[in-house]
Amino acid sequence: MAVALFKSPFGNREYHGTNRTEGKPAGRRRVFVQTETGCVLGMELDRSDNANTVKRRLQLALNFPTEESSLTFGDMVLKNDLSAVRNDSPLLLTRNVMHRSSSTPCLSPTGRDIQQRDQSGPIEILGHSNCFARTKQLVKEIIKAMKNGVDPLPVHSGLGGAYYFRNSRGENVAILKPTDEEPFAPNNPKGFVGKALGQPGLKRTVRVGETGYREVAAYLLDHDHFANVPPTALVKITHSIFNVNDAVNGNKSQSKRHVSKIASFQQFIPHDFDASDHGTSSFPVSAVHRIGILDIRILNTDRHAGNLLVRKLDGVGRFGHVELIPIDHGLCLPESLEDPYFEWIHWPQASIPFSDDELEYIENLDPIQDSEMLRRELPMIREACLRVLVLCTIFLKEAAAFGLCLADIGEMMSREFRNCEEEPSELEVICIEARRLIAEDMTPKAEADVEEFQFNIDYEDGGSDLTTKLASEDFMADTPFCLGFGGVHAFTPLSKLEETIEEEEEIEGEEVEMEFNEGPSLERIPTISKLSMSLKKTNSSEKSKFPKFSGAKPDYGYLASSSSGHRSANEQLPTSVSFVKLAEMNEEEWAMFLEKLQELLYPAFAKRKSVTLGQKQRQRLGTSCQF
């Protein structure tokens, strides 16, 4: 598992590569090739190097045929051209065919002539952003402490491997999370194994080994330290404390030796407790709003109280002023729209309107510019994740400009469970409608036919002749669209919402309140639940089947039967439904989708606002310590 640093004069012809990055890097570049089992190899590239020469050199080190491997860089499979690969980028080396047992030799360096002494430092930051200035200072402190014999400490909580790195005084200054020790990754130290790097992980839309990128992305997107995300960077680090499981190590007895890994590196923030140990009523409104704004932009699927740190500012007891520090953003920016989890959604602070400063910050957000920034700083990030960022930022900007509060925006993004079935969120329904409108534009149909299937409850028995690729998502082509606003379904498509709103404005407040208290008749509501039954009712043998992502590898579960007694990811991953897959659209469809989306947002916002105003003030759980 030692790191090898390669130098090679191999040359070959070039062809035009992707335009994901601007221009072609000049001179020599250094990259870190990571195998799917976690081994990291440092490599220097000349301008003349290509994917084939890189794999030929790796063949000597890893002792396996190059025709059985693929070299990937984010979404891209590197066939030959390496012009898109930037300096200090991590690449992933995978086998194309997986038939392994726990005793099969792993992908680890074996060639003696290749295993030269690592010429890099013990900790190296992957990236050169000015945002990493604080991280560079911490790295110097940690290296000095390591030379003085101050070793890091493992973190025993959580599902993944994590380590506290300390300064010379023995104080925790950073927390590191190796990518190959994430939940279900090959070297997870807590028994949650079963997947190779790059396969779907704890969330189907977040791949194993890629949560570290997202931790860094959340920090880079926190402009002006608005939400107080601690400084975070991606690093290559070498130390003997890191875990290598027996199955990955060829079932050989592991002696403690230096192992190099790619990890997220985040400054440790001293704190008094987390949000689960403290009454939320004392949390500053501005802090809750700022964290919520970030969570909405990045579609955070894991904002629970445990990853909101609380630090007292004045030490005057629990009712004094406190500061909130958001951490653990590894499950943000999924590859498709997911059901987010926002702990703050029921806090009273979330129902208070945005301040002028917050509205100005939201107005100045530029999702396209943010995407370009992430492409520069994290070129391995997948395009599907950037589309989620663009979509959610547009949704936030339009909702805030319309006058919705943080709680309303969060509720519109969250799914509901009805009769043990998960239904799409209001945002997802808007996206489904936008995609339907695109399908109509691309496949013109008679207006009468459109009206017929929009309002015919028995339409699912009649079939559909929509022949676009949207038909692959059954619920999009085979169902009337029902919108759930504030726990209530509307009976018209989004294109008719403006007329509905005008009619509802004429209703007296008492009638509106009575209508929502009584609830709509179940006979009038064609829900999506029935249409998603086939996706939801999966038996235990089908839980290992994942939705097909663009560029995803099949799930072979080759580490599931490990002799080490580790639990298999195939048995533990929860089922989920992807109602909207943004990666399926080409560039033209994506541009049309965003246009349709913005047309549909204002009627949906108006409907949400009318429902909120028509109801009594909703009682929110967790508003205080008294129930």
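The following legends describe close-up views of a predicted model.

**View 1. The chain as a whole comprises 15 helices and 21 strands.** Of the 627 residues in the chain, 57% are buried. When contacts between residues at least 6 apart in sequence are considered, 75% of them join residues at least 24 apart. The views below turn to individual helices, a loop and selected side chains.

**View 2. Helix H4 (residues 285-298) packs against helix H5 (residues 356-364).** The two axes lie 11 Å apart and form an angle of about 15°. Because angles under 35 degrees count as roughly parallel, H4 is described as roughly parallel to H5. The crossing of H4 and H5 is right-handed. On the H4 side, the contact is formed by Ser286, His289, Ile293 and Arg297, and on the H5 side by Glu358, Tyr361 and Ile362. By residue class, this contact of H4 with H5 consists of three nonpolar, two polar and two charged residues.

**View 3. Helix H4 also meets helix H8 (residues 406-413).** Here the axes come within 11 Å and cross at roughly 25°, so H4 and H8 are again classed as roughly parallel to each other. The handedness of the crossing of H4 and H8 is left-handed. Val288, His289, Gly292, Ile293 and Ile296 of H4 face Leu406, Ile409, Gly410 and Met413 of H8 in this contact. The contact of H4 with H8 contains six nonpolar residues, three polar residues and no charged ones. His289 and Ile293 of H4 take part in the contact with H5 and also in the contact with H8.

**View 4. Histidine 289 is a residue of helix H4.** Its relative accessibility is 1%, and histidine 289 therefore counts as buried. With neighbours within four places in sequence left aside, histidine 289 is in contact with Gln349, Ala350, Ile352, Pro353, Phe354, Glu358 and Leu406. Among these partners, Glu358 belongs to the H5 side of the H4 and H5 contact, whereas Leu406 belongs to the H8 side of the H4 and H8 contact.

**View 5. Helices H3 (residues 211-221) and H8 are each largely enclosed by the rest of the structure.** In H3, 11 of the 11 residues are buried, and this is why the helix is described as largely enclosed. The buried residues of H3 include the charged residues Arg214 and Glu215, along with Tyr213, Val216, Tyr219, Leu220 and Leu221. In H8, eight of the eight residues are buried. They are Leu406, Ala407, Asp408, Ile409, Gly410, Glu411, Met412 and Met413.

**View 6. The loop between H3 and strand E12 (232-239) contains aspartate 224.** Phi of aspartate 224 is near 60°, a positive value in a residue other than glycine. Aspartate 224 has a relative accessible area of 73% and is therefore exposed. Histidine 225 lies in the loop between H3 and E12 as well. Phi of histidine 225 is near 55°, which is likewise positive in a residue other than glycine. Histidine 225 is partly exposed, with a relative accessible area of 39%.

**View 7. Isoleucine 142 is located in helix H2 (residues 133-147).** The relative accessible area of isoleucine 142 is 0%, so this residue is buried. Not counting residues up to four places away in sequence, isoleucine 142 touches Ile123, Phe165, Arg166, Val173, Ala174 and Phe265. The C-alpha atoms of isoleucine 142 and serine 168 are separated by 7.4 Å, although the two residues are 26 residues apart along the chain.

View 8. Cysteine 420, with a relative accessible area of 75%, is exposed. In general terms, a disulfide is a covalent bond between the sulfur atoms of two cysteines.

Technical notes:
Residues are numbered from 1 along each chain as its sequence is written. This is a predicted model: local features need pLDDT of at least 70, side-chain atom pairs count only at pLDDT 80 or more; totals for chains, interfaces and linings use all residues. Side-chain values use heavy atoms; hydrogens and water are left out. Axes are lines fitted to C-alpha atoms, for helices over the stretch in contact, and angles run from 0 to 180 degrees between N-to-C directions. Helices (H or I, at least four residues) and strands (E, at least two) are DSSP runs, numbered from the N terminus. Angles under 35 degrees count as roughly parallel, over 145 as roughly antiparallel, 65 to 115 as roughly perpendicular and the rest as oblique. A crossing is left-handed if the near helix is turned anticlockwise from the far one by less than a right angle, and right-handed if clockwise. Contact means heavy atoms within 4.5 Å. Buried means under 20% relative accessible area, exposed over 50%, partly exposed in between (1.4 Å probe, protein chains only).
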